[in-house]
Amino acid sequence: MTHSTALPGEWVAAALDPPYALGMPLATGCLRVSPEDFVVEEQLGFAPDGGVAHILLSVEKTDANTLYVGRALARFAGVRAADVGFAGLKDRRAVARQWFSVPAGRPPEEWLAVEGQGFRVLEARPHSRKLKRGALAGNRFRIAVRDLAGNIESLPPRLERLAAGGVPNYFGPQRFGLQAANLSRIQEWLAAGQLPRDREARGFLLSAARSLAFNAVLAARVAQGSWNRLLPGEVVNLAGSGSVFLAEAVDEALAARCEALDVHPSGPLPGRGGLQPVAGAAAVESAALAPLETVVAALREASVEASRRALRLLVADLAWSIDGSVLNLSFGLSRGAFATAVLREIVTCDVAGLPGGED
């Protein structure tokens with residue numbers, strides 16, 4: 001069932017086909033031929049603290065859904081699924097090593113024998129708190145793109161540019177659901193004027209709506225060539241943090257910091273309140289959000305707290321090799337970033353090989 005045909009063209013373009021920063025890739029390939037071709041490992045950024053209230057579990061899942069694994073862990077722990085914590089959803093068509101928390105009850109050693117369809121517990125460590133969404137430093141990826149074709153010689157210089165300057169920090173197509181189903185759900189929400197009662201469904205819907213607005217602004221900045229430079233009136237993001245500040249003017253020192261990747265321009269995750277751009281940055285943002293006026297208004301009415309997200313995504317420790325018709329990639333990304341935003345600037349994957357994305 002196709003969801004995107006009746007959707008506004010601006011929505012579909014922002015969600016599924018935003019402009020490229022480096023131009024259309026000249027090589028093609030196939031992604032996720034097997035789950036082992038896409039390996040992602042969470043980087044917590046902190047060590048288990050030895051507390052007694054919870055157990056942190058390192059879990060390896062293969063071609064399995066994060067929520068399904070969470071429910072299976074809850075059954076073994078004898079708790080509600082809502083009592084199980086995890087930092088974020090991970091790709092299903094992949095090998096993903098991620099952390100969960102469960103209320104303490106069973107001793108850690110018992111968890112080491114726990115496994116189910118598509119998952120197994122690798123490590124169990126005492127910890128004092130439930131793991132919350134976003135509570136990680138980032139993710140590390142190892143990806144194989146197979147059956148390379150086209151201009152393979154274009155890949156090394158493109159990868160060098162990407163490593164040096166980053167990529168647009170788009171939300172990947174998986175945020176918008178299979179066949180853009182979440183975009184259709186946004187339309188249904190606007191038509192009905194009421195959010196789903198189910199907390200999980202409501203969270204996915206609001207997240208997709210905010211991501212759509214952000215992508216629309218970022219797409220406009222990429223088309224303008226300003227996604228990686230500061231405009232007057234910019235809300236500036238400090239690299240590696242969620243901190244932002246308003247720069248009504250951009251002097252040489254601030255522009256140099258942006259060129260040195262110390263600060264980034266930012267885009268909106270709409271809602272109530274929050275720091276807003278002015279002057280030139282505000283003009284670009286307002287024009288990009290005009291086709292999404294009803295979405296932005298609905299997010300304000302839903303009492304979602306507005307925030308900002310960097311327009312530029314840095315790719316840490318990028319390494320690559322080309323082995324015959326296979327491109328092997330290894331890199332790290334900050335939390336909330338999408339590997340698809342990196343991959344789309346490198347190589348075009350056929351439809352059958354597009355990322356399966358968040359569960």
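Helices (H or I, at least four residues) and strands (E, at least two) are taken here as DSSP runs, numbered from the N terminus. Axes are lines fitted to C-alpha atoms, for helices over the stretch in contact, and angles run from 0 to 180 degrees between N-to-C directions. The structure shown is a predicted model, in which local features need pLDDT of at least 70 and side-chain atom pairs count only at pLDDT 80 or more, while totals for chains, interfaces and linings use all residues. Residues are numbered from 1 along each chain as its sequence is written, and side-chain values use heavy atoms, with hydrogens and water left out.

The axes of helix H5 (residues 181-192) and helix H9 (residues 293-301) come within 11 Å and cross at roughly 70°. That angle makes H5 roughly perpendicular to H9, a label given to angles of 65 to 115 degrees (under 35 is roughly parallel, over 145 roughly antiparallel, and the rest oblique). The crossing of H5 and H9 is left-handed, meaning that the near helix is turned anticlockwise from the far one by less than a right angle. On the H5 side, Ile186, Trp189 and Leu190 meet Thr294, Val295, Ala298 and Leu299 of H9, where contact means heavy atoms within 4.5 Å. Six residues of this contact are nonpolar, one is polar and none is charged; Ala, Val, Leu, Ile, Met, Phe, Trp, Tyr, Cys and Pro count as nonpolar, Asp, Glu, Lys and Arg as charged, and the others, Gly among them, as polar.

Attention now turns to charged side chains. A salt bridge is a side-chain nitrogen of Lys or Arg within 4 Å of a carboxyl oxygen of Asp or Glu, and the count by this rule is 14. One of them joins Arg221 and Glu234, at 2.8 Å from N to O. Arg221 belongs to helix H6 (residues 199-224) and Glu234 to strand S10 (residues 234-238), so this pair ties together parts that are 13 residues apart in sequence. Arg221 is buried at 2% relative accessibility, and Glu234 is buried at 1%; buried means under 20% relative accessible area, exposed over 50%, and partly exposed in between (1.4 Å probe, protein chains only).

Another salt bridge, at 3.0 Å from N to O, brings together Arg308 and Glu285. This pair links distant parts of the chain, with Arg308 in strand S13 (residues 307-310) and Glu285 in helix H8 (residues 279-289), 23 residues apart. Arg308 is buried at 14%, as is Glu285 at 7%.

Arg80 also forms a salt bridge, with Asp83, and the closest N and O atoms are 2.8 Å apart. Arg80 is exposed, with a relative accessible area of 56%. Finally, Glu60, Arg97 and Arg120 are linked in a network of salt bridges.
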